[in-house]
Amino acid sequence: MKVLTYTLGPVQANCYILIENNHALIIDPGDSFDIQKLIDQENITIDAIVLTHVHFDHFSGLESLCKNISCDIYCNEKEFDFFMNPYLNASSHFMYPVTYSCQPIAVKEGVIKIGTFEMEAIYCPGHTTGSTVYRYKNLLFTGDVLFKGSIGRCDLETGSFTEMKKSIQKIKEIKENLYILPGHGPLSTLDEEKKENPYF
């Protein structure tokens with residue numbers, strides 16, 4: 001197993017490439033990058049693109065990527081309408097409006113199969129109404145729910161601090177010490193967050 005990290009876009013969002021057995025998932029492509037170079041260098045097949053939530057800084061790379069590869073896009077169905085709504089996807093708050101027309105596949109909470117990957121989808125609203133954390137083995141891709149030492153903002157459209165507190169409690173109840181791969185900033189571990197993060 002291998003994870004590559006690209007820090008992309010105007011607000012420096014983390015895009016992760018999860019690779020195993022020559023297959024890969026792209027998680028939160030916030031801007032364009034040379035996908036063909038990646039495919040050639042790593043000798044991989046891209047199984048799918050997975051979004052933790054549908055804010056512009058986590059999906060703005062879709063248009064460029066989907067011109068070069070053909071694969072499904074997965075996200076929580078509560079945010080399907082975010083793609084074409086700059087207010088909901090937060091692009092209207094930060095820069096020029098961003099939209100993208102697509103037909104995503106709905107992610108349901110629980111164990112899911114995406115391509116060759118079996119993951120656990122953990123519904124964690126608070127930053128947005130459909131925010132979803134993905135666990136793969138000892139990795140936890142937390143999007144903008146959980147950062148090193150902090151949590152995501154709850155003041156944008158569909159955000160809720162009340163829901164965020166419930167989501168953090170749900171993550172806190174995980175017993176294993178997983179690696180935290182957040183949507184922004186440095187990596188962490190769940191044990192470290194339980195000790196140091198004031199929101200825990």
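This is a predicted model: local features need pLDDT of at least 70, side-chain atom pairs count only at pLDDT 80 or more; totals for chains, interfaces and linings use all residues.
This is a short talk on a few local features of one protein model, taken one after another.

Residues are numbered from 1 along each chain as its sequence is written, and side-chain values use heavy atoms, with hydrogens and water left out.

Let me start with the strands. When I speak of helices and strands, I mean DSSP runs numbered from the N terminus, with at least four residues of H or I for a helix and at least two of E for a strand, and two strands pair if DSSP finds at least two bridges between them. Strand 4 (residues 45-50) runs parallel to strand 5 and is joined to it by 3 bridges, with V50 standing opposite Y74 in strand 5. Strand 5 is also joined to strand 6 (residues 105-106), again in parallel, by 2 bridges, and here C75 has A106 in strand 6 as its bridge partner.

There is also an open sheet of 6 strands, in the order 7-8-9-10-13-14 and with mixed pairing. Its edge strands, each pairing on one side only, are strand 7 (110-114) and strand 14 (188-189). Within this order, strand 8 (residues 117-123) and strand 9 (residues 132-136) pair in the antiparallel sense over 4 bridges, and E120 has R135 in strand 9 as its bridge partner.

I now turn to E79, which lies in the loop between strand 5 (72-75) and helix 4 (91-94). Is this residue, E79, buried or exposed? E79 is buried, yet has no salt bridge, and the nearest side chain of opposite charge, K78, is 9.1 Å away. Buried here means under 20% relative accessible area, whereas exposed means over 50% and partly exposed lies in between, with a 1.4 Å probe and protein chains only. A salt bridge would need a side-chain nitrogen of Lys or Arg within 4 Å of a carboxyl oxygen of Asp or Glu, and in counting charge, Lys and Arg are positive, Asp and Glu are negative, and His and the chain ends are not counted. What the side chain of E79 does reach is the backbone nitrogen of G130, at 2.6 Å. Leaving aside neighbours within four places in sequence, E79 is in contact (heavy atoms within 4.5 Å) with H53, V54, T128, T129, G130 and S131.

Next come the aromatic rings. Rings of Phe, Tyr and Trp (its six-membered ring) pair if their centres lie within 6.5 Å, and planes under 30 degrees apart count as stacked, over 60 as edge-to-face and the rest as tilted. By this rule the count comes to 5 aromatic pairs. One of them is the tilted pair of F56 and F94, at 5.8 Å centre to centre with 35° between the planes, and this pair links F56 in helix 2 (residues 56-59) to F94 in helix 4, 38 residues apart. F56 counts as buried because its relative accessibility is 2%, whereas F94, at 43%, counts as partly exposed. F59 and F83 form an edge-to-face pair, at 5.3 Å centre to centre and 65° between the planes.

Finally, C15 is found in strand 2 (residues 13-20), and this residue counts as buried because its relative accessibility is 0%.

Technical notes. A polar contact is a pair of N or O atoms within 3.5 Å; within protein, one must be able to donate a hydrogen and the other to accept it, and residues adjacent in sequence count only if both atoms are side-chain atoms.
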